[in-house]
Amino acid sequence: MQDPEIYRGMEKTVRTTFPTSVTAAELTAAAQDYNQRGWTVAETANGLSLITDDDLSGIEVTGELAGEVRRFLRANNLSGAVIEIPGTERREIHLVTGVRKAAMALEALREAGATVYTDGAGIPLPPTHLSAGSACWGVAPGEARWVPPVVAIAAAVRAATTSRRAKLTIAC
């Protein structure tokens with residue numbers, strides 16, 4: 001039999017699917033904040049997920065393009081809420097409105113390599129834990145002056161890709 005003195009002062013650990021840095025209280029507070037914004041949120045095994053619809057969707061851009069899009073939006077005072085997804089490559093999801101009437105913009109975004117989240121697709125909301133870390137706000141909803149229309153993100157992507165092509169032409 002083992003000596004009970006060994007166990008005195010040791011805490012019982014409770015396993016959860018959430019990272020230890022996220023408490024249930026923080027998760028509840030985040031969910032309440034998102035619900036107050038009118039967002040449809042679902043609890044997942046790892047945190048919270050925004051359920052997209054015609055009113056609120058997401059556009060994911062990666063790598064260098066993500067940085068260029070963010071700079072364009074900031075320079076033109078068009079920034080909205082941005083979720084940063086951890087990983088080896090920069091990944092940002094811009095929350096947007098107006099996808100219902102923006103078929104051409106959505107097509108152009110997809111052609112440029114962006115991922116479009118709409119029609120019930122889930123987007124991990126901070127503080128959701130992902131395999132490479134936790135989703136976090138690059139621009140928090142409270143810091144953003146609005147949720148931009150998808151055409152604003154499409155314009156930023158178009159400007160960034162046009163700028164890239166111009167640089168490639170000059171370099172050649």
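Q: Helices (H or I, at least four residues) and strands (E, at least two) are DSSP runs, numbered from the N terminus. Where does threonine 52 fall?
A: Threonine 52 sits in the loop between β2 (48–51) and β3. The model is predicted, with local features taken at pLDDT of at least 70, side-chain atom pairs at pLDDT 80 or more, and totals for chains, interfaces and linings from all residues. Numbering starts from 1 along each chain as its sequence is written, and side-chain values use heavy atoms, leaving out hydrogens and water.

Q: How many helices and strands does the protein have?
A: There are 4 helices and 10 strands. From the N terminus, the order is α-β-β-β-α-β-β-α-β-β-β-β-β-α.

Q: Why does threonine 52 count as buried?
A: Buried means under 20% relative accessible area, exposed over 50%, and partly exposed in between (1.4 Å probe, protein chains only). Threonine 52 has 3% relative accessibility, so it is buried. Across the protein, buried residues make up 37% of the 172 residues.

Q: What does the side chain of threonine 52 reach?
A: The side chain reaches the backbone oxygen of alanine 121 at 2.9 Å. A polar contact is a pair of N or O atoms within 3.5 Å; within protein, one must be able to donate a hydrogen and the other to accept it, and residues adjacent in sequence count only if both atoms are side-chain atoms. Contact in general needs heavy atoms within 4.5 Å. Not counting residues up to four places away in sequence, threonine 52 touches several residues, including Tyr117, Asp119 and Ile123.

Q: Is aspartate 119 buried or exposed, and why?
A: Aspartate 119 has 66% relative accessibility, so it counts as exposed. This residue lies in the loop between β6 (115–117) and β7.

Q: Why does glutamate 60 count as buried?
A: Its relative accessibility is 5%, so glutamate 60 counts as buried. It belongs to strand β3 (residues 57–62). Its side chain makes a polar contact of 2.4 Å with the side chain of tyrosine 117. Leaving aside neighbours within four places in sequence, its contacts include Arg91, Ile93 and Ala114.

Q: Why does tyrosine 34 count as buried?
A: Relative accessibility is 4% at tyrosine 34, so this residue is buried as well. It lies in helix α1 (residues 24–36). A polar atom of its side chain is 2.6 Å from the backbone oxygen of proline 126. Not counting residues up to four places away in sequence, tyrosine 34 touches Trp39, Val41, Leu48, Leu125, Pro126 and Trp137.

Q: What kind of peptide bond joins proline 126 and proline 127?
A: The bond is cis, with omega of about 10°. Most residues other than glycine have a negative phi, and most peptide bonds are trans. Proline 127 is in the loop between β7 (122–125) and β8 (129–130).

Q: How do you know that the span of helix α2 agrees with 1.5 Å a residue?
A: The expected span is 1.5 Å times one less than the number of residues. Helix α2 (residues 63–75) has 13 residues, which should span 18 Å; its end C-alpha atoms are 19 Å apart, so the two agree. Its buried residues include Leu65, Val69 and Leu73. Just after α2, asparagine 77 takes a positive phi of about 55°.

Q: What makes strands β4 and β5 a pair?
A: Two strands pair if DSSP finds at least two bridges between them. Strand β4 (residues 82–85) and strand β5 (residues 91–96) are joined by 4 bridges and run antiparallel. Isoleucine 85 stands opposite arginine 91 in β5. The hairpin has 5 residues between the strands, and glycine 87 in it takes a positive phi near 160°. β4 also pairs with strand β10 (residues 136–139), in the antiparallel sense over 3 bridges. There, cysteine 136 is the bridge partner of glutamate 84.

Q: Which residues touch the most other members of the largest nonpolar core?
A: A nonpolar core is a set of buried Ala, Val, Leu, Ile, Met, Phe, Trp, Tyr and Cys residues joined through side-chain atoms within 4.5 Å. The largest one has 20 residues, and Ile59, Leu109 and Val150 touch the most other members. β3, α2, α3 (103–111) and α4 (150–171) each supply at least two residues of this core. The largest share, 6 residues, comes from α4. Apart from this core lies another, of 18 residues, among them Leu50, Leu56, Ala81 and Leu125.
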